[in-house]
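Let's walk through a structure together, one feature at a time. Have it open as we go.

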Amino acid sequence: MHEQTLKLAALWARERERDALLAERAALEAAVRRQQRQLTDARALVATTEAQLKALQDEERQRTERMNAAAKRRDNTQRLIDEGRASSYEAAIKQVELSRAIVDEEENALLPLYDQLEDAQRAATGAVSGVKVVEGRLREAEAALAARAPGIAEALIPATEVRDAARDGIHREWLNRYDDLRKKNMSVFGDVRDGVCQGCSVKLVPTELAEHRRGVATHYCKSCGRFLGELL
Ligand SMILES: [Zn+2]
């Protein structure tokens with residue numbers, strides 16, 4: 001390989017070592033953010049399930065009160081009838097029937113409501129333990145980041161120095177191309193197999209490939225822009 005190609009390859013190797021440190025830190029930070037988002041969702045679920053539970057509890061209380069009041073009215077009116085003290089017998093009978101109908105109505109409504117309450121209670125309890133699980137995961141993710149972040153920061157200093165030093169002696173034209181490829185998030189080298197760039201699968205210029213093979217010049221793929229790399 002040409003001396004400039006070798007320098008570029010060395011720079012690329014240092015760059016990837018440094019990139020690995022950055023990627024490791026980014027992954028640890030992303031894990032924390034993911035757990036933070038999940039915690040927000042888990043807390044929202046607690047709020048929703050608790051609101052549903054409270055609504056059902058309110059309904060249960062209201063229906064029970066209405067049922068008890070109707071039962072009391074029914075019994076009191078029945079007693080007046082039994083003791084012959086009802087001011088209007090017809091109205092009293094109607095009152096008893098009406099009260100009895102209300103008791104039946106509320107009983108019928110309360111039976112399924114108890115099942116719903118049980119489900120809602122279970123959902124609310126589950127949501128609360130879900131928050132605890134996510135809180136635990138968040139603490140773990142934060143601890144992993146805190147444990148590793150100083151080491152990464154420390155390692156980044158020499159890694160950056162070595163990477164910057166690796167730029168020395170590379171022609172400006174090649175450095176510009178190198179930086180462009182980096183900016184596009186592309187790998188810097190395209191390996192060569194059967195005269196084809198493995199970066200983009202396009203056939204290379206034969207004369208340039210021959211020079212690259214002999215190590216007399218640095219060349220790049222005219223299609224994707226990557227430097228010609230290993231001959232596979
Ligand atoms: Zn290519």
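This is a predicted model: local features need pLDDT of at least 70, side-chain atom pairs count only at pLDDT 80 or more; totals for chains, interfaces and linings use all residues.

**Reading the sheet, the core and the domains**

Q: Where do I start with strand pairing, and in which sense do strand 1 and strand 3 pair?

A: The general idea is that strands of a sheet pair through backbone hydrogen bonds, either parallel or antiparallel. Here, strand 1 (residues 189-193) and strand 3 (residues 227-231) pair in the parallel sense, over three bridges. Residue numbers start from 1 along each chain as its sequence is written.

Q: What counts as a strand, a helix or a pair?

A: Helices (H or I, at least four residues) and strands (E, at least two) are DSSP runs, numbered from the N terminus. Two strands pair if DSSP finds at least two bridges between them.

Q: How do strand 1 and strand 2 run, parallel or antiparallel?

A: Antiparallel: two bridges join strand 1 to strand 2 (residues 196-197). Arg 193 stands opposite Val 196 in strand 2. The hairpin of these strands has two residues between them, and Asp 194 there takes a positive phi near 55 degrees. Asp 194 isn't a glycine, yet its phi is positive.

Q: In what order do the three strands sit in the sheet?

A: The sheet is open, with the order 2-1-3 and mixed pairing. Strand 2 and strand 3 are the edge strands, each pairing on one side only.

Q: Is Asp 194 buried or exposed?

A: Count C-beta atoms, placed from the backbone: a residue with 20 or more others within 10 Å of its own is buried, one with 12 or fewer is exposed, and anything in between is partly exposed. Asp 194 counts as exposed, with 8 C-beta neighbours inside 10 Å. Ser 201 is another residue with a positive phi although it is not a glycine, at about 70 degrees. Ser 201 is found in the loop between strand 2 and helix 4 (206-214), and is exposed too, with 11 other C-beta atoms within 10 Å.

Q: Which residues touch the most other members of the largest nonpolar core?

A: In soluble globular proteins, nonpolar side chains tend to be buried together. A nonpolar core here means a set of buried Ala, Val, Leu, Ile, Met, Phe, Trp, Tyr and Cys residues joined through C-beta atoms within 7 Å. The largest one has 14 residues, and Leu 8, Val 188, Phe 227 and Leu 228 touch the most other members. Helix 1 (3-82), helix 3 (172-183), strand 1 and strand 3 each supply at least two residues of this core. Helix 1 gives the largest share, three residues.

Q: What is Leu 228 in contact with?

A: Contact means that the C-beta atoms of two residues, placed from the backbone, lie within 7 Å. Leaving aside neighbours within four places in sequence, the contacts of Leu 228 include Gly 190, Val 192, Leu 204 and His 212.

Q: How do I read the overall layout, and in what order do the elements run?

A: From the N terminus on, they go α-α-α-β-β-α-β. The radius of gyration (taken over C-alpha atoms) is 39 Å, well over the 17 Å that the globule rule (2.2 Å times the number of residues to the power 0.38) gives for 232 residues, so the protein is more spread out than a compact globule. The C-alpha atoms fill a box of roughly 125 × 40 × 25 Å along the principal axes. Of the 232 residues, 14% count as buried.

Q: Into which domains is the protein divided?

A: Domain bounds come from an automatic or database domain assignment. That gives domain 1 (3-165) and domain 2 (172-231). Their centres, taken over C-alpha atoms, are separated by 55 Å. The contact takes six residues from domain 1 and six residues from domain 2.

Q: What does Gly 130 touch in its helix surroundings?

A: Gly 130 is found in helix 2 (residues 89-165). Not counting residues up to four places away in sequence, Gly 130 touches Ala 42 and Leu 45. Gly 130 is partly exposed, with 18 other C-beta atoms within 10 Å.
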